[in-house]
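I open these notes to record what I looked up in the structure shown below. The entries follow the order in which I consulted it.

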Amino acid sequence: MASIYIVAQEAETARKLQAVLSQRGFSCFTGNIKDKLAERVARDAPHLVILELNGQSSRAALQTLRSSSRIRKKVPVLALVTLDSVTQDDLFLNVDDFLIQPYDERELAARAARLTRKISRQDETFRCGDLELNLAECEVRVGGKIVELTFKEYELLKFLASQPGRVFTRETLLNQVWGYDYFGGDRTVDVHVRRLRSKIELSDKIYIETVRHIGYRFTRDC
């Protein structure tokens with residue numbers, strides 16, 4: 001699953017982008033222009049950054065991102081711009097693509113998909129200890145043996161494993177895995193995590209960690 005870091009001037013703008021892209025199969029997390037962009041990207045390693053490029057602060061953040069030595073590989077950047085800024089000569093220097101606001105949701109998703117196709121085929125197989133998640137074939141193996149998961153168990157595992165170490169609240173997991181129109185409670189998440197653990201944690205290895213009073217995360221200890 002391709003992960004996208006969305007950076008916007010306003011939280012509402014970021015939430016709207018997250019909703020549009022999450023419904024189309026992307027794993028999204030959000031920030032604002034006051035965040036330390038390069039440090040966040042270096043830590044969370046998204047496959048794509050979508051940046052609302054509006055004003056000097058966002059341009060400065062982009063420049064810092066592009067000049068950071070902590071980022072091992074170039075992360076593509078899709079800029080959201082106004083029509084007036086298209087005429088600025090420096091727009092194309094540090095971004096891989098741009099989209100003029102207001103944007104069409106289908107075009108946004110298509111451009112994000114094109115940029116994230118830069119992910120190598122190696123990323124279609126995720127491994128952590130004895131656990132292997134084959135995204136191309138939707139298979140999960142532990143110790144080389146196929147583990148039978150329900151659809152929601154598989155989607156939950158895939159989502160958590162897409163960002164190891166990142167803590168997700170139960171509410172976020174409900175929204176991202178079950179959908180925004182799902183009215184189930186927190187217990188739904190707890191039950192699925194418990195069942196998933198019983199199937200993949202067959203030895204002493206813990207893959208899904210509980211963060212008390214908050215939610216769950218996939219271990220970084222791979």
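Entry 1, strand pairing. I looked up leucine 78 and found that its bridge partner in β5 is aspartate 97. Strand β4 (residues 77–81) and β5 run parallel and are joined by four bridges; two strands pair if DSSP finds at least two bridges between them. Helices (H or I, at least four residues) and strands (E, at least two) are DSSP runs, numbered from the N terminus.

I note the sources here. This is a predicted model, in which local features need pLDDT of at least 70 and side-chain atom pairs count only at pLDDT 80 or more, while totals for chains, interfaces and linings use all residues. Residues are numbered from 1 along each chain as its sequence is written, and side-chain values use heavy atoms, with hydrogens and water left out.

Entry 2, the sheet. I traced an open sheet of five strands in the order β2-β1-β3-β4-β5, with parallel pairing. Its edge strands, β2 (27–32) and β5, each pair on one side only. On average, neighbouring strands of this sheet are turned by 20 degrees against each other, direction ignored. I then found helix α2 (residues 37–44) lying across β1 (3–8), β2 and β3 (48–52), at about 165 degrees to β1. Axes are lines fitted to C-alpha atoms, for helices over the stretch in contact, and angles run from 0 to 180 degrees between N-to-C directions; contact means heavy atoms within 4.5 Å.

I looked up α5 (residues 151–161) and α6 (residues 170–178), which pack at an angle of about 115 degrees with their axes 10 Å apart. The contact involves Lys152, Glu155, Leu156, Phe159 and Leu160 of α5, and Leu173, Gln176, Val177 and Trp178 of α6.

I found a cis peptide bond from glutamine 101 to proline 102, with omega near -5 degrees. Proline 102 is placed in the loop between β5 (97–100) and α4 (105–116). Histidine 213, in the loop between β11 (208–211) and β12 (215–218), has a positive phi near 70 degrees although the residue is other than glycine. I recorded histidine 213 as exposed, at a relative accessible area of 73%.

I listed seven helices and 12 strands in the protein. Of its 222 residues, 46% count as buried; buried means under 20% relative accessible area, exposed over 50%, and partly exposed in between (1.4 Å probe, protein chains only).
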